[in-house]
Amino acid sequence: MEAARGKVLRVAYLSADMAGNSIWRELIALVQAHSRQQVEVWCLPMMTQRELRSQNARDARDKMRTACTRGGKWLEIGEMDTRGASNAINQENIHVIVDVQGWTRGHSLSLLATRPAPIQVSYKN
């Protein structure tokens, strides 16, 4: 992948647990620190409606959504199958996916195996 001058880099943060994961609490500062002139931030939650039954989970998700959407984008892929999620990410022309979940419960490894973005990295896992 070759970045063009003057183009914005699209970086997406992917996790099945944006609502309660302690890593997400520290990532809020990182997400907000990106230069919006240089980086378009995307958050890709893989949470299902079942996982959002509690008010605490919905409140935490909403806090992360607020952090992500200040100049960025939010694309819920939790109810999509692997192929649908991969296609949705690919259609948005995401350049880099940061996997926040790793090998923990609810991981996104099958999605990442489809290579929906040219660069995929893991955060703290």
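Helix 2 has 15 residues and spans 21 Å from its first C-alpha to its last, close to the 21 Å expected at 1.5 Å a residue; the expected span is 1.5 Å times one less than the number of residues. Helices (H or I, at least four residues) and strands (E, at least two) are DSSP runs, numbered from the N terminus. Please keep in mind that this is a predicted model, where local features need pLDDT of at least 70, side-chain atom pairs count only at pLDDT 80 or more, and totals for chains, interfaces and linings use all residues. Residues are numbered from 1 along each chain as its sequence is written, and side-chain values use heavy atoms, leaving out hydrogens and water.

**Exercise 1.** Find the buried residues of helix 2 and work out where they lie around its axis.

*Solution.* 
- Step 1: Buried means under 20% relative accessible area, exposed over 50%, and partly exposed in between (1.4 Å probe, protein chains only).
- Step 2: In helix 2, the buried residues are Ala57, Arg61, Met64, Ala67 and Cys68.
- Step 3: Viewed down the axis of helix 2, its buried residues fall within an arc of 120 degrees, so they line one face of the helix. The arc is taken from the directions from the helix axis to the C-beta atoms.

**Exercise 2.** Identify the salt bridge partner of glutamate 40 and describe both residues.

*Solution.* 
- Step 1: A salt bridge is a side-chain nitrogen of Lys or Arg within 4 Å of a carboxyl oxygen of Asp or Glu. By this rule there is one salt bridge.
- Step 2: Glutamate 40 pairs with arginine 10, and their closest N and O atoms are 3.1 Å apart.
- Step 3: Glutamate 40 lies in strand 2 and arginine 10 in strand 1 (residues 9-15), so the pair ties together parts that are 30 residues apart in sequence.
- Step 4: Glutamate 40 is buried at 18% relative accessible area, whereas arginine 10 is partly exposed at 24%.
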